Amino acid sequence: MKSLDGVYPSDLPLTRVGSADAQHHLHSQSNLQSHQTQGPLVMVRGDGPYVIDEHGNRYLEGMAGLWCASLGFSNERLVEAASRQMKKLPYYHTFNHRSSDIASLLAAKIASLSPMSDARVFFATSGSEANDSMVKMAWNYHIARGEPARRKILARDRGFHGSTVMGASLSGLTNMHQAFGLPIDGIVRVDCPYFYRNARDGESEAAYVHRLVQNLEVTIAEHGAHTIAAFIAEPIIGAGGVIVPPAGYFEQVQQVLRRHGILMLADEIICGFGRTGNWFGSQTFDIEPDMMACAKGLSSGYAPISCVVVSAPVFEVMERHSGKTGGFGHGFTYSGHPLSAAIALEALAIYEEMDLPVRAKELGDVLHRELRALTSHGLVGEVRGTGFIAGIELVADKRTAEPFDSRLAIGAQVERATRSHGLIVRSMGDVIALSPPYIMDESQIVGMVATLKLALDDVADRQANSLEVLS
């Protein structure tokens, strides 16, 4: 929020906490140089769907943190579940046939919600680890079947699959590659199903999907199906711009994959646990995954936990191979951590009580009803989304969909303006993302969109004034 003199909190002199942060804290996905003078936005408290910063400013969190705080920032049941577990059994592991009661119960609950029958659940602590684990399991599966040459992974442009070496390599975002010498070998980039930006003039959705599927066939032929282990995809591409696949896309892609013996890996890290109006995005978009990675909403972000849900046919192959080799040589110290598992199990209980898929659809109906009014705004090219997630693409020319010059950082300007009005969103280039907590009510959603419009107006007025000065 702006102070009385019209400046933003981040324009104020660094506080003691901010100075300590700038001096000692190496931040994720941040400009390390500008952070030295800009400093952090420091949150100190949560209250339902709101967060409060160190200056006392209160913000509606339109992104649920990083797509994850599905139950807001002050759910007492999750706090109590954590406290009970810490007093009972604060840690145990899952190596060498060990487990905890709470991790075992959580595995059973996730398997029961999964779209796969008789699924098995492997635990990790982050979405990146879960995606890494899916790749290793895909390699294990093909080795067990006598096809060790199947190593390559088909991964889409603009997809995001984490920040580890493998996760960043799988991701189709160049800013995650250049500074680290990535991607590693074996990642085969394929088309992003971005109809708004990449369809040809006059091309229908059906024709666009057909073209993408034909391109996929050509790519597989060029590399040889016998070298390809898996195809990884988010049901809705999240950090790459909230990109919703055209109708029929996944159905046709999977027909190609099955014909060539390539596994389907669903990255459900954002979409899982209600976000698209079903328990999993795979159900919304008719994906039949061989494995799927989940995180974020699994614990409502209250503790680090992720998982890989493995289909019965894949597990059976891995199981037989493990019997021959003497063990499944993969896992993490904190796999199935009792504290995280207890919080996740309680979160799933709350989701079931609130009938989450239905609630997400109802909240999404309100969100998209309100967002439709923004389609006439001069800065908005497209509003898209499914369920309780949305992306607003900003353009310089609505008629041609011409993007803004990236040097203007229009998305960042809008994100900054929303904060001045008490709302947190996420800018991803010139796409504004919304992924709010499920505990919001209709009036809060209406207010959130109204606030976003104010921010868009602020930036549009600033742009108009800049053009007048130049003329």
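**Ring contacts, cysteines and a crossover in a predicted model**

R151 lies over the face of W139, 3.9 Å from the ring centre. A charge counts as over a ring if NZ of Lys or CZ of Arg is within 6 Å of the ring centre and within 35 degrees of the ring normal. R58 is placed over the face of Y50, at 4.3 Å from the ring centre. The model is predicted: local features need pLDDT of at least 70, side-chain atom pairs count only at pLDDT 80 or more, and totals for chains, interfaces and linings use all residues. Residues are numbered from 1 along each chain as its sequence is written, and side-chain values use heavy atoms, with hydrogens and water left out.

A search of the whole structure gives eight aromatic pairs. Rings of Phe, Tyr and Trp (its six-membered ring) pair if their centres lie within 6.5 Å; planes under 30 degrees apart are stacked, over 60 edge-to-face, and the rest tilted. F122 and F332 form a tilted pair, with 6.2 Å centre to centre and 55° between the planes. F122 lies in strand β4 (residues 120-124) and F332 in the loop between α12 (312-325) and α13 (338-353), so this pair ties together parts that are 210 residues apart in sequence. Helices (H or I, at least four residues) and strands (E, at least two) are DSSP runs, numbered from the N terminus. F122 is buried, at 14% relative accessible area. F332 is partly exposed, at 22%. Buried means under 20% relative accessible area, exposed over 50%, and partly exposed in between (1.4 Å probe, protein chains only). Ring pairs link F122, F328 and F332 into a cluster.

No disulfides are found in a search of the whole structure; a disulfide is a pair of cysteine sulfur atoms within 2.5 Å. The sulfur of C68 is 14 Å from the closest cysteine sulfur, in C271, and is therefore too far for a bond. C271 is in no disulfide either; the nearest cysteine sulfur, that of C294, is 10 Å away. C68 is buried at 16% relative accessibility, and C271 is buried at 1%.

Strands β5 (residues 152-156) and β6 (residues 187-190) pair in the parallel sense over four bridges. Strands pair if DSSP finds at least two bridges between them. From β5 the chain crosses through helix α7 (residues 165-170) to β6, in a right-handed β-α-β crossover. Right-handed means that, with the strands pointing away from the viewer, the path from the first strand over the helix to the second runs clockwise.
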